[in-house]
Amino acid sequence: LEQERAALARDLREALGKGELELYFQPIGTVIAGADAEIEGTKVAVRTAETLLRWNHAERGTVRPQDFIPLAERAGLIVAIGNWVLGAACKQAVQWERAGHGAFNISVNVSPHQFTEQGLVDSIRRALTASGLPPERLLVEVTETSAVQPIVEQRLSEIRKLGVKVAIDDFGAGYTSFR
(Lines give C-alpha, C1' and ligand atoms only; values in the text may rest on other atoms or scores of the structure.)
Protein backbone atom coordinates (compact mmCIF):
# COMPACT_ATOMS: atom_id res chain seq x y z
CA LEU A 1 0.00 0.00 0.00
CA GLU A 2 2.82 2.42 0.88
CA GLN A 3 4.66 1.60 -2.38
CA GLU A 4 1.47 2.27 -4.33
CA ARG A 5 1.04 5.63 -2.61
CA ALA A 6 4.65 6.57 -3.36
CA ALA A 7 4.17 5.64 -7.04
CA LEU A 8 0.92 7.60 -7.18
CA ALA A 9 2.65 10.62 -5.59
CA ARG A 10 5.38 10.46 -8.26
CA ASP A 11 2.71 10.32 -10.96
CA LEU A 12 0.81 13.22 -9.39
CA ARG A 13 3.96 15.37 -9.52
CA GLU A 14 3.89 14.93 -13.31
CA ALA A 15 0.11 15.01 -13.81
CA LEU A 16 -0.23 18.77 -14.07
CA GLY A 17 2.48 19.08 -16.72
CA LYS A 18 1.07 16.16 -18.66
CA GLY A 19 -2.42 17.67 -18.75
CA GLU A 20 -3.92 14.80 -16.76
CA LEU A 21 -5.66 17.12 -14.29
CA GLU A 22 -8.96 18.48 -15.56
CA LEU A 23 -11.67 20.72 -14.27
CA TYR A 24 -15.31 19.77 -14.39
CA PHE A 25 -18.04 22.22 -13.50
CA GLN A 26 -21.19 21.44 -11.55
CA PRO A 27 -23.98 23.97 -12.02
CA ILE A 28 -25.51 25.50 -8.91
CA GLY A 29 -29.12 26.53 -9.48
CA THR A 30 -31.16 29.19 -7.74
CA VAL A 31 -34.94 28.97 -7.72
CA ILE A 32 -36.19 32.28 -9.09
CA ALA A 33 -39.94 31.69 -9.37
CA GLY A 34 -42.36 29.46 -7.50
CA ALA A 35 -41.68 28.37 -3.94
CA ASP A 36 -42.57 24.72 -4.56
CA ALA A 37 -40.71 22.57 -7.08
CA GLU A 38 -43.99 20.80 -7.82
CA ILE A 39 -45.56 24.00 -9.12
CA GLU A 40 -45.57 24.31 -12.86
CA GLY A 41 -43.62 27.34 -13.98
CA THR A 42 -40.89 27.11 -11.36
CA LYS A 43 -37.68 28.42 -12.87
CA VAL A 44 -34.11 27.81 -11.92
CA ALA A 45 -31.30 30.16 -12.90
CA VAL A 46 -27.79 28.79 -13.14
CA ARG A 47 -25.29 31.58 -12.65
CA THR A 48 -22.72 29.75 -10.51
CA ALA A 49 -20.64 26.68 -11.23
CA GLU A 50 -18.65 24.73 -8.68
CA THR A 51 -15.20 23.66 -9.83
CA LEU A 52 -14.45 19.95 -9.48
CA LEU A 53 -10.92 18.64 -9.97
CA ARG A 54 -10.42 15.29 -11.70
CA TRP A 55 -7.28 13.29 -12.45
CA ASN A 56 -7.30 11.15 -15.55
CA HIS A 57 -4.21 9.02 -15.01
CA ALA A 58 -2.68 7.71 -18.24
CA GLU A 59 -2.52 4.11 -16.96
CA ARG A 60 -4.86 3.92 -13.96
CA GLY A 61 -7.75 5.82 -15.49
CA THR A 62 -9.75 8.14 -13.26
CA VAL A 63 -8.25 8.58 -9.81
CA ARG A 64 -10.88 9.65 -7.28
CA PRO A 65 -10.37 13.04 -5.59
CA GLN A 66 -10.64 11.41 -2.15
CA ASP A 67 -7.58 9.35 -3.15
CA PHE A 68 -5.38 12.03 -4.70
CA ILE A 69 -6.23 15.21 -2.76
CA PRO A 70 -4.93 13.89 0.60
CA LEU A 71 -1.92 12.53 -1.27
CA ALA A 72 -1.30 15.97 -2.82
CA GLU A 73 -1.52 17.52 0.64
CA ARG A 74 0.95 15.03 2.17
CA ALA A 75 3.35 15.31 -0.78
CA GLY A 76 3.40 19.12 -0.67
CA LEU A 77 1.72 19.44 -4.08
CA ILE A 78 -1.60 20.91 -3.04
CA VAL A 79 -0.49 24.56 -3.28
CA ALA A 80 0.72 24.20 -6.88
CA ILE A 81 -2.38 22.22 -7.85
CA GLY A 82 -4.65 24.67 -6.01
CA ASN A 83 -3.05 27.63 -7.77
CA TRP A 84 -3.59 25.95 -11.13
CA VAL A 85 -7.25 25.24 -10.27
CA LEU A 86 -7.84 28.87 -9.23
CA GLY A 87 -6.33 30.23 -12.43
CA ALA A 88 -8.02 27.76 -14.77
CA ALA A 89 -11.44 28.14 -13.12
CA CYS A 90 -11.32 31.95 -13.31
CA LYS A 91 -10.29 31.78 -16.97
CA GLN A 92 -13.15 29.38 -17.73
CA ALA A 93 -15.74 31.70 -16.20
CA VAL A 94 -14.47 34.57 -18.37
CA GLN A 95 -14.45 32.33 -21.47
CA TRP A 96 -18.11 31.41 -20.89
CA GLU A 97 -19.02 35.09 -20.68
CA ARG A 98 -17.07 35.97 -23.83
CA ALA A 99 -18.80 33.10 -25.64
CA GLY A 100 -22.16 34.69 -24.81
CA HIS A 101 -23.26 32.37 -21.97
CA GLY A 102 -23.59 35.11 -19.38
CA ALA A 103 -21.59 36.26 -16.39
CA PHE A 104 -21.03 33.13 -14.32
CA ASN A 105 -19.79 33.08 -10.76
CA ILE A 106 -17.21 30.40 -10.14
CA SER A 107 -16.82 28.48 -6.89
CA VAL A 108 -13.46 26.92 -5.97
CA ASN A 109 -12.70 24.69 -3.00
CA VAL A 110 -9.50 25.67 -1.23
CA SER A 111 -7.60 23.08 0.79
CA PRO A 112 -7.01 23.81 4.48
CA HIS A 113 -3.29 23.39 3.69
CA GLN A 114 -3.46 26.29 1.22
CA PHE A 115 -4.78 28.55 3.98
CA THR A 116 -1.60 28.03 5.99
CA GLU A 117 0.45 29.36 3.06
CA GLN A 118 1.25 33.06 3.06
CA GLY A 119 0.87 33.23 -0.73
CA LEU A 120 -2.80 32.21 -0.96
CA VAL A 121 -4.15 35.75 -1.19
CA ASP A 122 -1.55 36.67 -3.81
CA SER A 123 -2.45 33.52 -5.78
CA ILE A 124 -6.10 34.54 -5.79
CA ARG A 125 -5.17 38.08 -6.83
CA ARG A 126 -2.99 36.72 -9.69
CA ALA A 127 -5.76 34.37 -10.90
CA LEU A 128 -8.24 37.25 -10.98
CA THR A 129 -5.83 39.61 -12.74
CA ALA A 130 -4.67 37.07 -15.33
CA SER A 131 -8.22 36.02 -16.19
CA GLY A 132 -9.94 39.38 -15.92
CA LEU A 133 -12.63 37.88 -13.67
CA PRO A 134 -14.14 40.50 -11.34
CA PRO A 135 -13.43 39.52 -7.69
CA GLU A 136 -17.12 39.47 -6.74
CA ARG A 137 -17.66 36.60 -9.20
CA LEU A 138 -15.22 34.28 -7.40
CA LEU A 139 -16.46 32.23 -4.47
CA VAL A 140 -13.83 30.54 -2.32
CA GLU A 141 -15.08 27.54 -0.36
CA VAL A 142 -13.47 26.35 2.85
CA THR A 143 -14.51 23.38 4.95
CA GLU A 144 -16.35 24.15 8.15
CA THR A 145 -13.84 22.31 10.33
CA SER A 146 -10.92 24.37 9.02
CA ALA A 147 -12.79 27.70 8.99
CA VAL A 148 -12.52 28.06 12.76
CA GLN A 149 -8.70 27.97 12.83
CA PRO A 150 -7.16 31.40 13.54
CA ILE A 151 -4.89 31.40 10.46
CA VAL A 152 -7.83 30.43 8.24
CA GLU A 153 -9.97 33.18 9.74
CA GLN A 154 -7.18 35.68 9.01
CA ARG A 155 -6.83 34.51 5.39
CA LEU A 156 -10.60 34.60 4.89
CA SER A 157 -10.63 38.20 6.07
CA GLU A 158 -7.83 39.05 3.60
CA ILE A 159 -9.70 37.26 0.79
CA ARG A 160 -12.91 39.16 1.53
CA LYS A 161 -10.96 42.44 1.35
CA LEU A 162 -10.18 41.56 -2.28
CA GLY A 163 -13.93 41.52 -2.95
CA VAL A 164 -14.02 37.71 -3.24
CA LYS A 165 -16.95 35.86 -1.67
CA VAL A 166 -16.39 33.13 0.89
CA ALA A 167 -18.58 30.11 1.65
CA ILE A 168 -18.46 27.30 4.18
CA ASP A 169 -18.38 23.89 2.51
CA ASP A 170 -19.73 20.76 4.24
CA PHE A 171 -21.65 22.90 6.73
CA GLY A 172 -23.02 20.76 9.55
CA ALA A 173 -20.08 18.37 9.49
CA GLY A 174 -18.29 20.23 12.28
CA TYR A 175 -19.26 22.34 15.26
CA THR A 176 -20.38 25.64 13.79
CA SER A 177 -23.97 26.67 14.41
CA PHE A 178 -26.26 29.60 13.65
CA ARG A 179 -26.85 30.54 17.30
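Modeller: Buried means under 20% relative accessible area, exposed over 50%, and partly exposed in between (1.4 Å probe, protein chains only). This is a predicted model: local features need pLDDT of at least 70, side-chain atom pairs count only at pLDDT 80 or more, and totals for chains, interfaces and linings use all residues. Residues are numbered from 1 along each chain as its sequence is written, and side-chain values use heavy atoms, leaving out hydrogens and water.

Colleague: Is Asp122 buried, exposed or partly exposed?

Modeller: Asp122 forms a salt bridge with Arg125 (a side-chain nitrogen of Lys or Arg within 4 Å of a carboxyl oxygen of Asp or Glu). The closest N and O atoms are 2.6 Å apart. The relative accessible area of Asp122 is 38%, so Asp122 is partly exposed.

Colleague: Which residue forms a salt bridge with Arg137?

Modeller: Arg137 counts as buried, at 9% relative accessibility. The closest N and O atoms of the pair are 2.8 Å apart, and the partner is Glu97.

Colleague: How many residues apart are Arg137 and Glu97?

Modeller: Arg137 sits in the loop between α5 and β5 (138–143). Glu97 is in helix α3 (residues 78–98). The pair links distant parts of the chain, and the separation is 40 residues.

Colleague: Is Lys18 buried or exposed?

Modeller: Lys18 forms a salt bridge with Glu14, the closest N and O atoms being 3.4 Å apart. Glu14 counts as partly exposed, at 41% relative accessibility. Lys18 has 52% relative accessibility, so Lys18 counts as exposed.

Terms used
Helices (H or I, at least four residues) and strands (E, at least two) are DSSP runs, numbered from the N terminus.
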